[in-house]
Amino acid sequence: MSKGKTLGFWVLTALVVGNMVGSGIFMLPRSLAEAASPAGTVLAWAVTGFGVLMLALVFGNLALRKPELNGGPQIYAKELFPNSPALSLLSGFMSSWGYWIGNIAGFVAVITTFASYLSTFFPIMNSASVLLSIGSFELTIGHSLNFVVCSLLLWGTHFLALRGIEGAGRLNLIATATKVIGFALFIIIALFAFQSSTMGQFAAAHIDAEGRSASLLSQINAAAVVTLWAFIGVESATVFAARAKRKKDVSRATFAGLLIAIVLYVGISILTMGLLPKEQLMQSQNPLVDAMTAVLGPYGGYLLAALGLISLIGSTIGWVLLSAEVPYEAAKQRVFLQPFKQENDKGMPKLSLWISNALGQLLIFSTISGSISQAFDFIIVVATLAYLVPYLIASVYQLKLTLTGEGYAKARERRTDGIVAVLATIYSVWVVYAGMGDWKTFGFGVLLLASGILFYPLLRKQLRESDKTESAGTKAS
């Protein structure tokens with residue numbers, strides 16, 4: 001087996017499930033209660049589930065047809081313009097930049113959720129007592145403790161990752177198996193305790209944050225970005241394709257992980273509505289803990305919180321690995337800043353880990369000025385929009401292959417994959433449109449994506465210097 005190819009089917013599946021079933025499963029019941037009625041939520045899950053299935057089919061197919069393109073869906077951007085080297089480089093770099101930023105925001109969302117669930121055991125983490133006051137800014141004891149906890153989890157995971165992918169992957173597998181079993185038990189308990197009267201009228205009118213009645217279509221649009229966040233990470237196996245023992249395990253792990261996540265997400269989000277009244281659910285910082293406390297008492301809440309902590313530690317490992325792998329693989333394919341190719345003696349992307357986690361630390365500062373739920377809502381919109389660009393690119397690239405016939409010997413396969421690519425493209429465009437509802441957050445997300453252009457000239461310079469060095473070495477030999 002070649003160096004670095006150490007990830008088998010189960011570890012890859014655990015990375016997919018662990019990265020998808022992370023912060024979202026704990027906080028989404030509250031976010032969905034704010035966005036839609038029960039009917040709107042169910043329809044949003046149906047649309048999102050179908051759209052993500054199309055995306056998963058795209059990722060799985062491209063992993064088999066283009067095995068030389070590793071590092072995630074953003075890497076296909078450079079292949080869209082094969083006859084224009086400059087445009088190919090620019091699109092590859094900007095897509096990789098956006099996907100990388102989305103990953104960083106993703107693991108910050110997981111880490112902030114960890115702090116939220118830890119507060120179940122340490123209520124002082126919710127303390128509103130003012131520790132420091134500067135003008136209109138007030139730093140509370142709770143916010144400062146959340147910041148410390150988030151920082152410790154981030155850098156603890158960082159040093160674990162530096163020790164090698166195999167050990168970190170095994171820990172993630174154990175944590176993922178634990179949470180899948182735990183959430184399956186949650187669903188079983190919730191089925192027996194579910195009260196339709198608590199959920200309220202299935203298609204009741206929904207009042208938005210401005211006090212206006214939202215139509216069913218508006219509710220689905222509002223929930224679209226939130227529900228898509230649940231499936232961010234479905235491409236995790238694709239990102240680690242270069243480290244997979246077998247290429248076919250990449251597509252198999254993607255589908256297996258998606259099916260597990262759909263069952264858990266839909267079951268938990270719908271059933272939680274029948275355990276907590278909508279008003280309480282909308283105010284909850286720990287929706288699943290509050291739901292289980294309502295059913296089994298305080299000890300049920302503590303048990304769920306402990307499960308949450310184990311789950312989120314595993315998710316943090318997966319996300320930190322993913323965030324470092326993206327620019328590392330992109331740099332190896334010459335569409336990202338070249339120093340990101342640096343490895344340590346364990347074959348881990350050391351510079352990529354340091355820079356990714358340092359940027360994550362900056363985002364963690366959002367926990368010192370507001371509640372965990374506010375930080376979570378802001379981060380998931382920014383991250384989801386950052387992910388949609390690479391998702392759209394992968395779908396368009398799949399569509400291009402079916403139109404040109406590249407890699408296809410059978411017309412039937414070409415037609416089928418073309419239909420999937422069209423549906424995946426339409427879905428990606430729709431979610432971008434839905435995400436424009438909050439222009440302030442959408443604008444910030446676009447600004448983060450566009451910020452990559454500042455570093456593009458540096459990449460051009462590095463590649464020119466690299467080409468000159470290689471050319472000089474060839475002449476000398």
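The structure is a predicted model, in which local features need pLDDT of at least 70 and side-chain atom pairs count only at pLDDT 80 or more, whereas totals for chains, interfaces and linings use all residues. Residues are numbered from 1 along each chain as its sequence is written, and side-chain values use heavy atoms, with hydrogens and water left out.

The protein chain contains 18 helices and four strands; these are DSSP runs numbered from the N terminus, helices being H or I with at least four residues and strands E with at least two. Of the 477 residues in the protein chain, 57% are buried. Buried denotes under 20% relative accessible area, exposed over 50%, and partly exposed the range in between, with a 1.4 Å probe and protein chains only. The protein chain exposes about 19,600 Å², of which carbon and sulfur atoms supply 67%. Accessible areas were computed by the Shrake-Rupley method with a 1.4 Å probe, and for residues only the protein chains shown count as cover. Among contacts in the protein chain with a separation of 6 or more, 82% join residues 24 or more positions apart; contact means heavy atoms within 4.5 Å.

The largest nonpolar core comprises 125 residues, and those with the most contacts inside it are Val21, Phe186, Phe240, Tyr265 and Phe336. Helix 4 (residues 85–118) gives the most to this core, contributing 16 residues. A nonpolar core is defined as a set of buried Ala, Val, Leu, Ile, Met, Phe, Trp, Tyr and Cys residues joined through side-chain atoms within 4.5 Å.

Helix 6 (residues 165–193) has 29 residues and spans 41 Å from its first C-alpha to its last, close to the 42 Å expected at 1.5 Å a residue. The expected span is 1.5 Å times one less than the number of residues in the helix. The buried residues of helix 6 include Asn172, Thr176 and Lys179, together with Phe183, Phe186 and Ile187. Phe186 is also one of the residues with the most contacts inside the largest nonpolar core.

Thr157 is located in helix 5 (residues 141–162) and is buried, at 7% relative accessibility. Apart from neighbours within four places in sequence, Thr157 is in contact with Thr316, Ile317 and Val320. Ser395 is located in helix 15 (residues 372–404) and is buried, with a relative accessible area of 0%. With neighbours within four places in sequence again left aside, Ser395 is in contact with Leu55, Val58, Ala421, Ala424, Thr425 and Ser428.

Seven salt bridges were found in a search of the whole structure, a salt bridge being a side-chain nitrogen of Lys or Arg within 4 Å of a carboxyl oxygen of Asp or Glu. One of them joins the side chains of Glu413 and Arg65, at 3.1 Å from N to O. Glu413 belongs to helix 16 and Arg65 to helix 3 (residues 38–65), so this pair ties together parts that are 348 residues apart in sequence. Both side chains belong to partly exposed residues: the relative accessible area is 34% for Glu413 and 24% for Arg65.

Asp249 and Arg252 form another salt bridge, their closest N and O atoms lying 2.8 Å apart. The two residues are three residues apart in helix 10 (residues 248–273), a separation of about one helical turn. Asp249 is buried at 0% relative accessibility, whereas Arg252 is partly exposed at 41%. In the salt bridge of Glu329 with Lys332, the N to O distance is 3.9 Å. Glu329 and Lys332 lie in helix 13 (residues 298–332), three residues apart, or about one turn of the helix. Glu329 is buried at 3% relative accessibility, and Lys332 is partly exposed with a relative accessible area of 42%. Salt bridges with shared partners also join Arg65, Glu413 and Asp417 into one network.

On the surface, Phe50, Ile419, Val422, Leu423 and Ile426 form a nonpolar patch with about 440 Å² of accessible area together. Patches consist of residues with over 30% relative accessible area and no salt bridge, like charges being joined within 9 Å and nonpolar side chains (Val, Leu, Ile, Met, Phe, Trp, Tyr) within 5 Å. Helix 16 (residues 411–435) gives the most to the nonpolar patch, with four residues. Ile419 lies in helix 16 and is exposed, with a relative accessible area of 55%.
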